[in-house]
Amino acid sequence: MSFVNYNKKEINCKIVYYGPGLGGKTTNIQYIFQKTAGDRRGKIVSLDSDNERTLFFDFLPLDLGEIRGFKTRFHLYTVPGQVFYEASRKLILRGVDGIIFVADSQMEKMESNIESFEGMLSNLKEQGYDPSTVPLIMQWNKRDLPNAVSIEELNQKLNRFSSPTQEAVAVRGDGVFESLKSLSKIVLMNLRTNLSSN
Amino acid sequence: MENMLKNYIVQIGADKAQVVLCKRDGSILFDSHYGKRDHFLEVMALIIGSVSATEQIAKTMSVEKDSDFMMSFANSSHGIFAMPTASSDNIELYVILMFENELNPAQFKIKIRKICQYLLENIKLKENKKNLLFENITDDEIERMFEGCKV
Ligand SMILES: Nc1nc2c(ncn2[C@@H]2O[C@H](COP(=O)(O)OP(=O)(O)O)[C@@H](O)[C@H]2O)c(=O)[nH]1
Ligand SMILES: [Mg+2]
């Protein structure tokens, strides 16, 4: 969406947490919600099922501080992970400015990580993006689990574009803000506008 | 754009409803600042999600050629209408209209159609985005941007 309003000196960006089901996407934004002052964030909107699986999306609006005189607002979305929600994931990727791919480090999740990543690439292409140019952070989540594969393996199997990476234990909050900060920087430096229009 | 649309809304008497114009990715381009404002962004994310999903359903029913689709969730006095449309230079948009305590909601169905038509005929949105807004952002600047929102 990356919507820059010169009159109000305001920037709006859409950030999507993408990845396989149960990888920790919702946990990421729940942690951000908990650690953000009440006047700086909205409510988490969650469209989920009884067992807390995301059905359509989670959404959290986040008002950050200023950067070079511009107020910055991030619209954080998560996609539903289950395979059969492909149509929802496509919709949520519309107008995305940056993606945090939350990979589940567990050995038995490698297949679903790869499948999800491939799905993301084809969904982005369908929306008219060149996936290699979309700001992307690879978050290696669940580093606390004993069955986590090595970072080398994750990089080799998933990090197609040599994107910046971040190890995380989202349930403890480790790596959560770090991921968002790294992505913010890339997203903000990618903002394009027509300066002469105002 | 903002003033033109504002005037048009008053002109057709749609100013007794909340009118929001957004792109299909969810970015809000215009908001008439009418009525309840609690959790505005959250409500918008939900509505835009519902309209996109509804529109997608219509497409799988292969009726997308019928351009006159409107999403409606309303009773005889309160409700939401939303309609896909576009600007005259083909930027795809949704118009959302919300009303409360209204004796004649059906009038808003006509009005939202008028607004869509107005956008198609009169509003250009395409920007030639060629300049980078920021260069060389430092880690310190990012830290400071996040600093203010910590608990
Ligand atoms: N051990 C461990 N569990 C995690 C971690 N992050 C998330 N979880 C758990 O994984 C499950 C699924 O997380 P959720 O955020 O709902 O996944 P989503 O489907 O990607 O939204 C939950 O039970 C979380 O508590 C982590 O870093 N380590
Ligand atoms: Mg979830």
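Modeller: Let's start with a word we will need: buried means under 20% relative accessible area, exposed means over 50%, and partly exposed lies in between (1.4 Å probe, protein chains only). This is a predicted model, in which local features need pLDDT of at least 70 and side-chain atom pairs count only at pLDDT 80 or more, while totals for chains, interfaces and linings use all residues. Residues are numbered from 1 along each chain as its sequence is written, chains are lettered from A and ligands numbered from 1 in the order in which they are written, and side-chain values use heavy atoms, with hydrogens and water left out.

Biologist: Is A:Asp97 buried or exposed?

Modeller: A:Asp97 has a relative accessible area of 13%, so it is buried. You will find it in the loop between helix H2 (86-93) and strand S6 (98-104) of chain A. Helices (H or I, at least four residues) and strands (E, at least two) are DSSP runs, numbered from the N terminus.

Biologist: What does the side chain of A:Asp97 reach?

Modeller: It reaches the backbone nitrogen of A:Lys14, at 2.7 Å.

Biologist: How do I check the span of helix H2 of chain B?

Modeller: The expected span of a helix is 1.5 Å times one less than its number of residues. Helix H2 (residues 40-60) of chain B has 21 residues and should span 30 Å; its end C-alpha atoms are 30 Å apart, which agrees. Buried residues in H2(B) include B:Phe40, B:Met44, B:Ile48 and B:Glu55.

Biologist: And how many residues of the two chains are in contact?

Modeller: Contact means heavy atoms within 4.5 Å. By that rule, 49 residues of chain A are in contact with 40 residues of chain B. Buried area is the accessible area (1.4 Å probe) that two parts lose on being put together, summed over both. Between chain A and chain B this is about 4000 Å², of which carbon and sulfur atoms give 64%.

Biologist: How many salt bridges are there between chain A and chain B?

Modeller: A salt bridge is a side-chain nitrogen of Lys or Arg within 4 Å of a carboxyl oxygen of Asp or Glu. The count here is three. One of them joins the side chains of B:Glu141 and A:Arg68 (2.7 Å, N to O).

Biologist: Which residues does A:Phe177 touch?

Modeller: Leaving out residues up to four places away in sequence, A:Phe177 touches A:Tyr31, A:Ile32, A:Lys35, A:Thr36 and B:Phe146. A:Phe177 is in helix H5 of chain A, and its relative accessible area is 14%, so it is buried.

Methods: A polar contact is a pair of N or O atoms within 3.5 Å; within protein, one must be able to donate a hydrogen and the other to accept it, and residues adjacent in sequence count only if both atoms are side-chain atoms.
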